[in-house]
Amino acid sequence: NTRKKVSESQQSSRFLNGLRFKADENSLDPRDYQSSNPLGFRTLAHKWLDYKRDEISHGSFQSLRPLVGRAIERFANINVKEIRYAELQDFLRDLRKNSGLSGKTIHNLFSHLHNFWVWLVDREEIRSDQMPKFPEIHYEMGWRKTTDKDTQELILSEIWNLCRDKTPRAYFAILL
């Protein structure tokens, strides 16, 4: 039991010496040790979303929020300084395997996350060397299914048959 207390005492002493060392080299950031977790991903992502709500259209924000919500779910309250390339790469891999999102949507999410970290640097929440490197995301756009000319003509003739007596203008509008 005494050995455990000495061990805890040694751990406390080492921690304190570590803080003193960081203070001496000017790398101590007290926010890293606050219980309110001001540098937590969730905290800062919600603050960023509040700013985005005022900057972008309502429709754009409505698509942004659930995308960033996936990242908030993943990283929760991890300090943004601790999220590095490896964590982002693992997140990317999980999204590709399990999310059902298209490559373009995943690319958009990572573009927003990059924008988020740039915002953190601009606000001086983190230093530029603390911004993580982002994995490259390759994707191919899908092709839309189109209707061939013969099918288009069949559809138009059916519309003409249905509305020529009541609303011939509707047929003309669709034709154009």
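Tutor: Let's start with a term: a salt bridge is a side-chain nitrogen of Lys or Arg within 4 Å of a carboxyl oxygen of Asp or Glu. In general, side chains of opposite charge can pair when their charged atoms come close. The model above is predicted, so local features need pLDDT of at least 70 and side-chain atom pairs count only at pLDDT 80 or more, while totals for chains, interfaces and linings use all residues. Residues are numbered from 1 along each chain as its sequence is written, and side-chain values use heavy atoms, leaving out hydrogens and water.

Student: How many salt bridges does the structure hold?

Tutor: There are 5 salt bridges in the structure. Take D94 and R74 as a case: the closest N and O atoms of this salt bridge are 2.5 Å apart. D94 belongs to helix α4 (residues 85-98) and R74 to helix α3 (residues 58-75), so the pair ties together parts that are 20 residues apart in sequence.

Student: How do I know what counts as a helix, and how many helices and strands are in the protein chain?

Tutor: Helices (H or I, at least four residues) and strands (E, at least two) are DSSP runs, numbered from the N terminus. The protein chain has 7 helices and 0 strands. Read from the N terminus, its elements go α-α-α-α-α-α-α.

Student: Which helix holds both R53 and D50?

Tutor: Both lie in helix α2 (residues 41-55), 3 residues apart, or about one turn of the helix. The general idea is that an α-helix has 3.6 residues a turn, so residues three or four places apart point the same way. In this model, the side chains of R53 and D50 meet in a salt bridge, with 3.0 Å from N to O. R53 is partly exposed at 43%, and D50 is partly exposed at 42%.

Student: What does R127 form a salt bridge with?

Tutor: The partner of R127 is D129, and the closest N and O atoms are 3.0 Å apart. R127 has 47% relative accessibility, so R127 counts as partly exposed.

Student: How can I check the length of a helix such as α5?

Tutor: The expected span is 1.5 Å times one less than the number of residues in the helix. For α5, 20 residues should span 28 Å, and the end C-alpha atoms are 29 Å apart, which agrees. Now try α6: its 15 residues should span 21 Å, and its end C-alpha atoms are 21 Å apart, which agrees as well.

Student: Which residues of α5 are buried?

Tutor: The buried residues of α5 are I106, L109, F110, L113, F116, W117, W119, L120 and V121. Their cover includes α2, α3 and α4.

Student: What follows α5, and what is its phi?

Tutor: α5 is followed by E124, whose phi is positive, near 60 degrees. E124 is not a glycine. E124 sits in the loop between α5 (103-122) and α6 (149-163), and E124 is exposed, with a relative accessible area of 65%. Another such case is A76, which is not a glycine but has a positive phi of about 45 degrees. A76 is placed in the loop between α3 and α4, where its 24% relative accessibility counts as partly exposed.

Student: Is Q130 buried or exposed?

Tutor: Q130 is in the loop between α5 and α6, and its relative accessibility is 13%, so Q130 counts as buried. To see what lies around a residue, look for contacts, meaning heavy atoms within 4.5 Å. Leaving aside neighbours within four places in sequence, Q130 contacts K81 and R84. For the protein chain, 59% of the contacts with a separation of 6 or more are between residues 24 or more positions apart.

Student: And where is L176 placed?

Tutor: L176 is in the segment after α7 (168-175). With a relative accessible area of 76%, L176 is exposed.

How values were computed. Buried < 20%, exposed > 50% of the residue type's maximum accessible area, 1.4 Å probe, protein only.
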